[in-house]
Amino acid sequence: MKPKRVPTYVKQILRITVNMGNSFVYRHVSKFKLTAKHEHTENRTNHKTMGQAKVPVPTTDDYLKKRSKEPVLPDKTQFRYPDEERRRPGVPAKDNTPLMGLKTNKNFITTNAVQNITSVPKASQKIYCDTRNGDKNYLTPSGLEPKYVHKKEYGDTPTYLVKRKEEMQRAQEEYDAYIAEHFRRGAMRSLTTDERQAILKGLQTNWEDIHDQYQSLSVVTDTAPKKNRKERMEAEMKQLERDIESFQRHKVIYISN
């Protein structure tokens, strides 16, 4: 009879030979045997005769007090069942009768119609289908829809505006050079602030005078002179309004000598 093969997963075994012909008997031995034996015998006789090496000495403040070894109980709280919130309310008392016969004048049909008419419709979300079976996905977080806030040039001034600004600045510089040249030659001069205010005040006074005369005209323009006078006064008032607007808009005004 051949001996039995030892399993490979058994790490530590103790083989005991029994004189029973050619047969062998195997017994399992734990791999923690030596560790347990060492821990059991370690430091057994260190303080066998003289006591422990270091003993904590109590202080004078740490004396035994009355009821110091009694267990400390938690604060008293009201008992509540864990499922108390999910419980149904209790049955009402027999003398707790509800109010009967209550009626309302509310028109639920009209109220529902008004709420639906005045309500803001819910914005539909953009979706896309990526399979032939119609599987839907949201389009906004997919990255398939362009978002201009993520562009590299987002927030920068457009090129055409930069060019237009440069052209306006160049034209202003040329105009300033032209005016400076005429000033150098003595052909033009600029109005002072007092002169400009005086001219503006005079234009406003003339408009008020013509407007008073216009208000005193006859309502019925049945003759040619009346009609011509009315048209002439309207034209003068429009021209004065354009001149006043020009003086108010431009702070610097040049005139030729």
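Reply: Helices (H or I, at least four residues) and strands (E, at least two) are DSSP runs, numbered from the N terminus. This is a predicted model, in which local features need pLDDT of at least 70 and side-chain atom pairs count only at pLDDT 80 or more, while totals for chains, interfaces and linings use all residues. Residues are numbered from 1 along each chain as its sequence is written, and side-chain values use heavy atoms, leaving out hydrogens and water.

Arg67 lies in the loop between α1 and α2 (108-118), and its relative accessible area of 57% makes it exposed (over 50%; buried is under 20%, partly exposed in between, with a 1.4 Å probe and protein chains only). Its phi is near 60°, a positive value in a residue other than glycine. Most residues other than glycine have a negative phi.

Thr41 belongs to helix α1 (residues 33-41) and is partly exposed, with a relative accessible area of 45%. A polar atom of the Thr41 side chain lies 3.0 Å from the backbone oxygen of Lys37, and the backbone oxygen of His38 lies 3.3 Å from a polar atom of that Thr41 side chain.

Leaving aside residues up to four places away in sequence, Arg196 touches (heavy atoms within 4.5 Å) Phe247, Gln248, His250, Lys251 and Ile253.

Terms used
A polar contact is a pair of N or O atoms within 3.5 Å; within protein, one must be able to donate a hydrogen and the other to accept it, and residues adjacent in sequence count only if both atoms are side-chain atoms.
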